[in-house]
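Here is a short briefing on one protein model. Please keep the sequence and the 3D view open while reading.

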Amino acid sequence: MQKGMLIILSGPSGVGKGTVREQLFKDESLNLAYSISMTTRKPRPGERDGVDYFFVEETEFEEKIKEGKLLEWAKFVGNYYGTPKDYVEQLLAQGKNVVLEIEVQGALQVMEKCPDATTIFIVPPSFEELERRIRGRRTEDEAIVQERLAKARKEIATKDEYKYVVENDDVMLAKEQIATIIKNHCTNQD
Ligand code: 5GP
């Protein structure tokens, strides 16, 4: 069986990566699987352990780093986030195209290790719109919002490290653009 392809999806907090990803996963022809990350962040309302993230304590996360069990990891706004390596490798071996929805520091680590990965950065139509979306979430206090906004500016500045930049003004349009990128990459690899 042909090995699957690694797809990195990045973009600042609030850009709508999760919503675009949901739409992508409805398209069965893309043969996608989601890499569930591990984090020390506390679950937001509605988030489920083992579905959205594996929620762990700091000591457990640090053990995984030491044991070399993470394909990449980063600290983001005070919490650890990382990609469990074995799970991703299993999915790729099964021929799945594996989506890593990760921030920039982690993405750069994966680009080094896997230069063939399809890397996509999602940008908002404007920074003002991004701020409106982050505030609209209303789950975090002002200090965290400010930190996420500052981080977003820095992240957007690295977008040219990615092979593709897609604007998320309209979710379905962004989804279609990404689906086309994925299909073209699959064809090129045949
Ligand atoms: P959030 O707290 O909003 O769920 O995620 C914060 C940031 O961490 C987002 O940009 C998200 O894509 C990123 N992230 C989620 N999982 C991982 C991971 O496994 N590794 C890295 N490096 N970033 C991640």
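Predicted model: local features only at pLDDT ≥ 70, side-chain atom pairs only at ≥ 80, totals over all residues.

Residues are numbered from 1 along each chain as its sequence is written, and side-chain values use heavy atoms, with hydrogens and water left out.

**Terms**

- Helices (H or I, at least four residues) and strands (E, at least two) are DSSP runs, numbered from the N terminus.
- Buried means under 20% relative accessible area, exposed means over 50%, and partly exposed is in between (1.4 Å probe, protein chains only).

**Largest pocket**

- The largest pocket has a volume of about 830 Å³.
- A pocket here is an open set of points on a 1 Å grid over the protein atoms alone, where a 1.4 Å probe fits, with protein on both sides within 12 Å along at least five of seven lines.
- Its volume is the space filled by probe spheres set on the points, which are joined across faces, edges and corners.
- The lining of the largest pocket counts 29 residues, each with an atom within 4 Å of a point.
- K17, R44, Y53, E101 and R137 lie nearest the centre of the largest pocket.
- Two or more lining residues come from each of α1 (17-25), β5, β6, α5 and α6.
- The most come from α1, with 5 residues.
- By class, the lining of the largest pocket holds 14 charged, 8 polar and 7 nonpolar residues.
- Asp, Glu, Lys and Arg count as charged; Ala, Val, Leu, Ile, Met, Phe, Trp, Tyr, Cys and Pro as nonpolar; the others, Gly among them, as polar.

**Helix α1**

- K17, V20, Q23 and L24 are buried in α1.
- Down the axis of α1, these buried residues fall within an arc of 130°, so they line one face of the helix.
- An arc is that of the directions from the helix axis to the C-beta atoms.
- G18 also lies in α1 and is partly exposed, at 27% relative accessibility.
- G18 and E101 are 83 residues apart in sequence, yet their C-alpha atoms are 8.2 Å apart in space.

**Helix α4**

- V104, G106, A107, V110 and M111 are the buried residues of α4.
- Their arc, seen down the axis of α4, is 155°, so they line one face of the helix.
- E112 and K113 are exposed on the other side of α4.
- The cover over the buried residues of α4 includes β1 (6-10), β5, β7 (97-101), β8 and α6.
- Contact, the basis for cover, means heavy atoms within 4.5 Å.

**Helix α6**

- Helix α6 (residues 142-156) has 15 residues and should span 21 Å at 1.5 Å a residue; its end C-alpha atoms are 21 Å apart, which agrees.
- The expected span is 1.5 Å times one less than the number of residues.
- V145, R148, L149, A152, E155 and I156 are buried in α6.
- They cover an arc of only 125° around the axis, which puts them on the same side of α6.
- The face turned away from that buried side carries the exposed residues A143, R153 and K154.
- Covering the buried residues of α6 are elements including β5 (70-76), β6 (79-84), α4 (104-113), β8 (118-123) and α5 (127-137).
- A143 has a relative accessible area of 53%.

**Positive phi**

- Most residues other than glycine have a negative phi.
- N31 has a positive phi of about 55° although it is not a glycine.
- N31 sits in the loop between α1 and β2 (32-34) and is partly exposed, with a relative accessible area of 32%.
- V77 has a positive phi of about 45°, and V77 is not a glycine either.
- V77 is in the loop between β5 and β6 and is buried, at 16% relative accessible area.

**Strand β9**

- E167 belongs to strand β9 (residues 164-167).
- E167 is partly exposed, with a relative accessible area of 41%.
- Leaving out residues up to four places away in sequence, E167 touches V123, P124, P125, A174 and Q177.
- E167 and S10 are 157 residues apart in sequence and 12 Å apart in space, C-alpha to C-alpha.
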